[in-house]
Amino acid sequence: MEPVRIMIAEDSGVLRDGLVQILTKRGHEVPAAVPDAEALLEAVAAEPPDAVVLDIRMPPTHTDEGLRAALKLRKSHPKVGVLLFSQYVETRYARDLFSGNASGVGYLLKERVADVSDFVQALVTIAGGGTVLDPEVVVQLLGSHPTDALTAREREVLALMAEGRSNAAIGKQLVLADSSVEKHISNIFTKLGLPPADEDHRRVLAVLKYLGVN
């Protein structure tokens, strides 16, 4: 795994230091770890990293500072991956974050990240232009959606696709053969109106449709 340069914005000193140790122990570089969104924006402007991980509720108001900072970063530094790492699902502004080009964007819930390796891999995926979403985030952002045409199993597969899982990982999680996973994904593409196209990444487009932003 190639080293990734990651900046952190987290107002909890204990969690901030813990993230630094987790990432550096695995060979990644953390040039800045700061307690608020404004400090992160300044650090990125001075020396853009490969990705940032930031909480949503930070000083001074502890409402949506991180989310608004993420939107600013997507405009000012579109090549910098952005991972929201929070206890909460904030639908305000979140759809804007995933609208248009959602490459290099992620949203994970703190209490649902059970494996440190999965968290680190999510950051590497985002730094490389991938998209990673917690299924609970998907559910709360969705509300009602035309993907009601999907079966329950197809929704499970699509939710795991949103997490950035490979076909093999999806099969292991759902106890399905590779051929079954491929069939479900093919059905998802068909039902969401995503024909094969050299210029498009259908997995990403499927997730965007699932979010209702494409």
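Predicted model: local features only at pLDDT ≥ 70, side-chain atom pairs only at ≥ 80, totals over all residues.
Trainee: Noted. How many bridges do β3 and β4 share, and in which sense do they pair?

Mentor: Residues 51–54 form β3 and residues 81–86 form β4, and the two pair over 4 bridges in the parallel sense.

Trainee: What order do the strands of the sheet take?

Mentor: The order is β2-β1-β3-β4-β5-β6, an open sheet of 6 strands with parallel pairing. At the edges are β2 (29–34) and β6 (131–133), each of which pairs on one side only. From one strand to the next, the twist averages 15 degrees.

Trainee: Nice. Which strands does α1 lie across?

Mentor: Helix α1, residues 13–25, lies across β1 (5–9), β2 and β4. Its direction is at about 175 degrees to β2.

Trainee: And α3, which strands does that one lie across?

Mentor: For α3 (residues 65–76) the strands are β3, β4 and β5 (105–109), and the helix runs at about 175 degrees to β4.

Trainee: Now the loop between β3 and α3. Which residue there has a positive phi?

Mentor: That would be His 62, located in that loop, with phi near 55 degrees. Most residues other than glycine have a negative phi. Pro 60 is in the loop between β3 and α3 as well, and a cis peptide bond joins Pro 59 to Pro 60, with omega about 10 degrees.

Trainee: Changing topic: at what angle do α8 and α9 cross?

Mentor: Roughly 105 degrees, and the axes of α8 (residues 167–174) and α9 (residues 178–191) come within 9 Å.

Trainee: Last one: what volume does the largest pocket have?

Mentor: About 370 Å³. It is lined by 16 residues, and Leu 108, Asp 118, Val 132, Glu 163 and Arg 165 are the closest to its centre.

Trainee: Which helix gives the largest share of that lining?

Mentor: Helix α5, residues 116–127, contributes 5 residues. The lining of the largest pocket divides into 7 nonpolar, 3 polar and 6 charged residues.

Technical notes:
Residues numbered from 1 in each chain as written. Heavy atoms only, no water. Axes fitted to C-alpha atoms, helices over the stretch in contact; angles between N-to-C directions. 1 Å grid on protein atoms, 1.4 Å probe; cavity = no way out; pocket = protein on both sides within 12 Å on 5 of 7 lines; lining within 4 Å. Points joined across faces, edges and corners; volume = space filled by probe spheres on them. Nonpolar A, V, L, I, M, F, W, Y, C, P; charged D, E, K, R; others polar. Pairing = 2+ DSSP bridges. Contact = heavy atoms within 4.5 Å.
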